[in-house]
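This report describes the arrangement of a sheet and its surroundings in a protein chain. Please view the structure below while reading.

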Amino acid sequence: MSGSNHIPKAVLYYDARSAWSLAGYGKDELEPRLVELSKGENFSPTFLRLNPKGTVPTLVVPFENTLPADMESRYKAITETEALIAFLDKSRSIMSHTHTTSAAPAPDLPALRTVAPAVSAFLKGRKAALERYLSENEGNEIRVSEKTKKFWLEKKKATEDLLTPLNEADKGDPELSEVGRKAREEYFEKTKAAWEVGLALVLNEINKELIGPFALGEQISIVDVHLAAWLHELVILSGGTAQDSGVVAMSRLEEHVGGGFAFAKEGVSEAPTAAGATTSSDGSTPALATTGSKSKLAALWDALAGRPSWQNVFGIRG
Ligand SMILES: N[C@@H](CCC(=O)N[C@@H](CS)C(=O)NCC(=O)O)C(=O)O
């Protein structure tokens with residue numbers, strides 16, 4: 001029975017901007033370690049050895065006492081959010097960490113101009129890191145496999161493709177080169193498809209399938225943990241905050257998806273309550289505030305926002 005106090009914690013590699021990294025476990029249970037995507041730290045040879053896909057979140061779980069001492073690999077890396085949360089769910093506790101996100105999605109030129117500086121700085125940081133890794137590899141300062149080199153080259157190309165429309169965001173259409181025009185067109189096509197078609201479909205589907213107030217009914221489940229991180233991210237991107245009421249948060253989403261998108265509101269019908277813009281943060285059951293009915297997603301949001309963990313994870317940024 002030796003060393004029982006030394007069982008190392010799992011290490012969660014995360015980036016503050018990654019929605020999937022924010023699904024909510026805390027320092028009491030795992031050791032958060034920042035991997036700055038904007039600096040391409042996820043592409044470093046060291047990180048790629050942990051997770052060859054170079055994505056966060058990545059949870060590295062020690063196998064102390066479970067593997068023979070001579071085994072080289074004494075940990076396993078979990079790299080899919082779904083598996084990661086299922087794993088953490090077995091050793092539950094509450095958590096905290098901060099979150100910073102900004103920037104609305106950009107189906108039009110003014111919006112593209114708004115997000116361009118921040119996003120292009122982010123991408124430039126990654127591009128610089130990738131170029132550094134590639135040149136260090138060429139110069140034999142580091143040695144990586146052909147597979148890793150190919151991975152870096154693909155990531156560099158994808159980063160450059162995205163940078164093109166961002167770097168030229170200030171130009172009017174006539175000033176763009178042929179390449180620039182194409183890049184801008186593709187950018188708008190993709191963002192429009194993602195927001196107005198893809199996202200609208202998915203949101204409607206989820207709104208329909210929820211049982212309420214939580215995804216599977218009265219009890220919170222891992223499904224809600226995923227939904228919380230994702231919904232919060234969408235609401236922030238739509239100009240909302242973690243403190244918005246469900247009705248306000250979902251109306252921001254409706255506006256932002258655009259094109260007349262609206263949730264079915266037949267979901268929850270509640271007795272009249274003071275319809276404040278915030279929900280209770282004291283851990284009590286949140287007031288389902290509205291006189292009429294609201295969408296099931298709005299009710300889910302209120303149920304999630306009334307939990308202490310919501311404040312722990314999202315409260316800090318207001
Ligand atoms: N399938 C993975 C996806 C994770 C993922 O793509 N994470 C993003 C951040 S939200 C990432 O690490 N991207 C790497 C990059 O930006 O290069 C999961 O479920 O966790």
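## Strand pairing

Strand β1 (residues 10-14) pairs with β2 in the parallel sense over five bridges, and Val 11 faces Glu 31 in β2. Strands are DSSP runs (E, at least two residues) and helices are DSSP runs (H or I, at least four), numbered from the N terminus; two strands pair if DSSP finds at least two bridges between them. The model is predicted: local features need pLDDT of at least 70, side-chain atom pairs count only at pLDDT 80 or more, and totals for chains, interfaces and linings use all residues. Residues are numbered from 1 along each chain as its sequence is written, and side-chain values use heavy atoms, with hydrogens and water left out.

β1 and β3 pair in the antiparallel sense over three bridges, with Tyr 13 opposite Thr 58 in β3. The antiparallel pairing of β3 and β4 has four bridges, and there Pro 62 stands opposite Tyr 75 in β4.

## The sheet as a whole

The four strands form an open sheet in the order β2-β1-β3-β4, with mixed pairing. Because β2 (30-34) and β4 (75-78) are at the edges, each with a single partner strand, one side of each lacks a neighbour in the sheet.

## Helix α5

Val 202 is found in helix α5 (residues 178-209). Val 202 counts as partly exposed because its relative accessibility is 39%.

Note on methods. Buried < 20%, exposed > 50% of the residue type's maximum accessible area, 1.4 Å probe, protein only.
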